[in-house]
Amino acid sequence: MSYAHTQVAQIAAISSNRCIGKDNNLPWHIPNDLKHFKAMTTAEPILMSIVA
């Protein structure tokens, strides 16, 4: 298996108080941001992580 032509993209998000979510919700609601995330990630593998 070769990864020579593999593309990798990063999408990062954080709120002003350095949180990413509470009670299974995002701390913001930006419709165009959600549409962009969906377009970039639909049918693609996603790796999500928390840096503590």
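**Exercise 1. Where does Met1 lie relative to H1?**

Met1 lies in the segment before H1; helices (H or I, at least four residues) and strands (E, at least two) are DSSP runs, numbered from the N terminus. This is a predicted model, where local features need pLDDT of at least 70 and side-chain atom pairs count only at pLDDT 80 or more, while totals for chains, interfaces and linings use all residues. Residues are numbered from 1 along each chain as its sequence is written, and side-chain values use heavy atoms, with hydrogens and water left out.

Next, look at exposure. Met1 counts as exposed because its relative accessibility is 87% (buried means under 20% relative accessible area, exposed over 50%, partly exposed in between; 1.4 Å probe, protein chains only).

**Exercise 2. Describe the overall form of the protein.**

Step one: count the elements. The protein has one helix and zero strands. Step two: its radius of gyration is 14 Å, well over the 10 Å that the globule rule gives for 52 residues, so the protein is more spread out than a compact globule. Here the radius is taken over C-alpha atoms, and the rule is 2.2 Å times the number of residues to the power 0.38. Step three: the C-alpha trace spans about 40 × 30 × 20 Å along its principal axes. Step four: buried residues make up 4% of the 52 residues.

**Exercise 3. Is Thr41 buried or exposed, and what does it touch?**

Thr41 belongs to helix H1 (residues 31-41). Its relative accessibility is 13%, so Thr41 counts as buried. Setting aside neighbours within four places in sequence, Thr41 is in contact (heavy atoms within 4.5 Å) with Ile11 and Ile46.

Phe37 is also found in helix H1, but Phe37 counts as partly exposed because its relative accessibility is 33%.
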